[in-house]
Amino acid sequence: MIELIPPYVQTTLTGDQQANDPRAMPLDEYINEAMSILKTEPDAKEICVQKVYPLRFSAEHGQQKYEEFFEQFNDSYK
(Lines give C-alpha, C1' and ligand atoms only; values in the text may rest on other atoms or scores of the structure.)
Protein backbone atom coordinates (compact mmCIF):
# COMPACT_ATOMS: atom_id res chain seq x y z
CA MET A 1 0.00 0.00 0.00
CA ILE A 2 1.21 3.49 -0.85
CA GLU A 3 -0.14 6.55 0.90
CA LEU A 4 -0.70 9.46 -1.47
CA ILE A 5 -0.86 12.80 0.37
CA PRO A 6 -2.26 15.53 -1.85
CA PRO A 7 -2.06 19.25 -1.17
CA TYR A 8 -4.92 21.58 -1.97
CA VAL A 9 -5.33 20.91 -5.71
CA GLN A 10 -7.21 22.79 -8.41
CA THR A 11 -10.17 20.47 -8.98
CA THR A 12 -13.93 20.88 -8.90
CA LEU A 13 -14.19 18.66 -5.80
CA THR A 14 -15.70 21.52 -3.79
CA GLY A 15 -16.88 23.56 -6.78
CA ASP A 16 -15.56 25.90 -9.43
CA GLN A 17 -13.95 28.19 -6.84
CA GLN A 18 -11.40 25.49 -5.94
CA ALA A 19 -10.68 24.77 -9.61
CA ASN A 20 -9.72 28.40 -10.13
CA ASP A 21 -8.09 29.13 -6.77
CA PRO A 22 -4.50 30.39 -7.30
CA ARG A 23 -3.55 29.04 -3.84
CA ALA A 24 -4.29 25.51 -5.05
CA MET A 25 -1.73 23.44 -6.95
CA PRO A 26 -2.64 22.99 -10.63
CA LEU A 27 -3.87 19.44 -11.17
CA ASP A 28 -1.48 18.67 -14.03
CA GLU A 29 1.52 19.76 -11.92
CA TYR A 30 0.34 17.57 -9.05
CA ILE A 31 -0.13 14.53 -11.28
CA ASN A 32 3.26 15.02 -12.96
CA GLU A 33 5.13 15.39 -9.67
CA ALA A 34 3.34 12.47 -8.02
CA MET A 35 3.98 10.21 -11.02
CA SER A 36 7.64 11.23 -11.09
CA ILE A 37 8.00 10.26 -7.42
CA LEU A 38 6.29 6.93 -8.08
CA LYS A 39 8.69 6.22 -10.95
CA THR A 40 11.89 7.31 -9.20
CA GLU A 41 11.05 5.91 -5.76
CA PRO A 42 9.26 2.61 -6.45
CA ASP A 43 9.62 1.45 -2.83
CA ALA A 44 8.16 4.61 -1.29
CA LYS A 45 5.44 4.06 1.29
CA GLU A 46 4.27 7.68 1.15
CA ILE A 47 4.05 10.05 -1.81
CA CYS A 48 4.33 13.74 -0.87
CA VAL A 49 4.75 16.45 -3.49
CA GLN A 50 6.79 19.46 -2.35
CA LYS A 51 3.71 21.67 -1.95
CA VAL A 52 2.30 19.38 0.78
CA TYR A 53 5.49 19.35 2.89
CA PRO A 54 4.51 22.27 5.18
CA LEU A 55 1.25 20.51 6.05
CA ARG A 56 2.64 16.98 6.25
CA PHE A 57 5.63 17.80 8.43
CA SER A 58 4.27 20.69 10.53
CA ALA A 59 3.89 18.59 13.69
CA GLU A 60 7.53 17.49 13.55
CA HIS A 61 8.62 21.06 14.30
CA GLY A 62 6.87 21.13 17.68
CA GLN A 63 3.41 21.96 18.94
CA GLN A 64 3.82 25.74 18.65
CA LYS A 65 4.93 25.55 15.01
CA TYR A 66 2.10 23.12 14.30
CA GLU A 67 -0.49 25.49 15.75
CA GLU A 68 1.03 28.50 13.97
CA PHE A 69 0.90 26.67 10.65
CA PHE A 70 -2.73 25.68 11.01
CA GLU A 71 -3.78 29.12 12.18
CA GLN A 72 -2.08 30.70 9.16
CA PHE A 73 -3.45 28.01 6.83
CA ASN A 74 -7.02 28.35 8.09
CA ASP A 75 -6.89 32.17 8.08
CA SER A 76 -5.83 32.15 4.43
CA TYR A 77 -9.13 30.48 3.45
CA LYS A 78 -11.50 32.88 5.21
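Student: Is Gln 10 buried, partly exposed or exposed in this predicted model?
Tutor: Buried means under 20% relative accessible area, exposed means over 50%, and partly exposed is what falls in between, with a 1.4 Å probe and protein chains only. Gln 10 has a relative accessible area of 21%, so the label for Gln 10 is partly exposed.

Student: What should I know about the ground rules here?
Tutor: Residues are numbered from 1 along each chain as its sequence is written, and side-chain values use heavy atoms, with hydrogens and water left out. The model is predicted, so local features need pLDDT of at least 70 and side-chain atom pairs count only at pLDDT 80 or more, while totals for chains, interfaces and linings use all residues.

Student: Which strand holds Gln 10?
Tutor: Helices (H or I, at least four residues) and strands (E, at least two) are DSSP runs, numbered from the N terminus. Gln 10 sits in the run covering residues 9-10, and that is strand β2.

Student: Now Ser 58: where is it, and is it buried or exposed?
Tutor: Ser 58 is in the loop between α3 (53-56) and α4 (63-75). Its relative accessibility is 4%, so Ser 58 counts as buried.

Student: How far is the side chain of Ser 58 from the backbone oxygen of Leu 55?
Tutor: Not counting residues up to four places away in sequence, Ser 58 touches Tyr 53, Lys 65, Tyr 66, Phe 69 and Phe 70. As for Leu 55, its backbone oxygen and a polar atom of the Ser 58 side chain are separated by 3.3 Å.

Student: How many aromatic pairs are there?
Tutor: Rings of Phe, Tyr and Trp (its six-membered ring) pair if their centres lie within 6.5 Å; planes under 30 degrees apart count as stacked, over 60 as edge-to-face and the rest as tilted. By that rule the count is two. Tyr 53 and Phe 57 make an edge-to-face pair, 5.2 Å centre to centre with 80 degrees between the planes. Tyr 66 and Phe 70 make a tilted one, at 4.9 Å and 55 degrees, within that count of two.

Student: Which helix holds Tyr 66 and Phe 70, and what is the accessibility of Phe 70?
Tutor: Both lie in helix α4, four residues apart, about one turn of the helix. Tyr 66 counts as partly exposed because its relative accessibility is 32%. Phe 70 is partly exposed too, with a relative accessible area of 24%.

Student: Zooming out, in what order do the elements run?
Tutor: The protein has four helices and four strands. From the N terminus on, they run β-β-α-β-α-β-α-α.

Student: What share of the residues is buried?
Tutor: The C-alpha atoms fill a box of roughly 35 × 35 × 20 Å, taken along the principal axes. Of the 78 residues, the buried share is 22%.

Methods. Polar contact = N/O pair within 3.5 Å; in protein donor to acceptor, adjacent residues only side chain to side chain. Contact = heavy atoms within 4.5 Å.
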